[in-house]
Amino acid sequence: MDKLISEKLINQLEGLTTQSSEKVDFLFEEVHDAVFKNTNCLACANCCKNYSPIIEPEEIPIIAKALDIGPSQLFQDYIEMDEDGDFVFKSQPCPMLNLEDNKCRIYENRPQACQGYPHTNMKEMKNHLDLLEKNIEICPAAEEIVSRIIKQLNNVKT
Ligand code: SF4
Ligand code: SF4
């Protein structure tokens, strides 16, 4: 999705700022679950093709073990440090993605950042609208979640 359109969509969530965090989190969780119930991520994999997850230092040995290689080989082949000092995969699409079937080679051991993506059911969602704006550019499910919430907000107004 175009950056300007995602910005416009997120601006329409401004009605949420007057509501309690608990209420907002409950609403996101409810809509997140409903949308993902009918989302086939294997038919999409847009996040694995376009988003670079941060890999926590403690996840390095876990990923190496899942690939049956040592950490030094993992760094040599797949992981580097970005300009912010975070560990990330060296290439995009993610080298762990099988492009033929969109499956993750390390699914059971994938980074937390992948497990939580698109982060539409976090605590204090009201404070994470910037992240949400970035994620709706990539993730059609996140876009659907935001669109449904906007619809609900507009229904309350009328
Ligand atoms: S590690 Fe797996 S889930 Fe995470 S971006 Fe790569 S392919 Fe996708
Ligand atoms: S971009 Fe969203 S819908 Fe697509 S695979 Fe990732 S989480 Fe699933």
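Reply: The crossing of helix 1 and helix 7 is right-handed; a crossing bears that name if the near helix is turned clockwise from the far one by less than a right angle, and is left-handed if the turn is anticlockwise. The model is a predicted one, in which local features need pLDDT of at least 70 and side-chain atom pairs count only at pLDDT 80 or more, whereas totals for chains, interfaces and linings use all residues. Residues are numbered from 1 along each chain as its sequence is written, while chains are lettered from A and ligands numbered from 1 in the order in which they are written.

Helix 1 covers residues 3-11 and helix 7 covers residues 129-138. Helices (H or I, at least four residues) and strands (E, at least two) are DSSP runs, numbered from the N terminus. Two packed helices are described by the angle between their axes and the distance between the axes. For helix 1 and helix 7, the angle is about 135 degrees and the axes lie 9 Å apart. Axes here are lines fitted to C-alpha atoms, for helices over the stretch in contact, with angles running from 0 to 180 degrees between N-to-C directions. Helix 1 and helix 7 are therefore oblique to each other, since angles under 35 degrees count as roughly parallel, over 145 as roughly antiparallel, 65 to 115 as roughly perpendicular and the rest as oblique.

Which residues in helix 1 and helix 7 meet? Helix 1 contributes Lys3, Ser6, Glu7, Leu9 and Ile10, and helix 7 contributes Leu129, Leu132, Glu133, Ile136 and Glu137. By class, the residues of this contact of helix 1 with helix 7 comprise 5 nonpolar, 1 polar and 4 charged. In this scheme Ala, Val, Leu, Ile, Met, Phe, Trp, Tyr, Cys and Pro are nonpolar, Asp, Glu, Lys and Arg are charged, and the others, Gly among them, are polar. Two residues are in contact if their C-beta atoms, placed from the backbone, lie within 7 Å.

The loop between helix 6 (112-116) and helix 7 holds Met125, and Pro118, His119 and Glu124 lie in that loop as well. Pro118 is joined to Tyr117 by a cis peptide bond, with omega about 10 degrees. His119 is not a glycine, yet its phi is positive, at about 60 degrees. His119 touches His128, Leu131 and Asn135, leaving aside residues up to four places away in sequence. The C-alpha atoms of His119 and Asn135 are 8.2 Å apart, although 16 residues separate them along the chain.

Is Met125 buried or exposed? Met125 is buried, because 23 other C-beta atoms lie within 10 Å. His119 is partly exposed, with 17 other C-beta atoms within 10 Å, and Glu124 counts as exposed, with 10 C-beta neighbours inside 10 Å. With C-beta atoms placed from the backbone, a residue is buried if 20 or more other C-beta atoms lie within 10 Å of its own, exposed if 12 or fewer, and partly exposed in between. Glu124 is a residue other than glycine with a positive phi, near 55 degrees. Residues up to four places away in sequence aside, Met125 touches Val24, Asp25 and Phe28.

A residue is near a molecule or strand if its C-beta atom, placed from the backbone, lies within 6 Å of it.

Ligand 1 has a shell of its own, with Cys48, Cys94, Cys104, Arg110 and Cys114 among its residues. That shell of ligand 1 divides into 9 nonpolar, no polar and 1 charged residues.

As a setting for these parts, the chain has 8 helices and 4 strands, in the order α-α-α-α-α-β-β-β-β-α-α-α along the sequence. Its C-alpha trace spans about 60 × 30 × 25 Å along the principal axes. Of the 158 residues of the chain, 20% count as buried.
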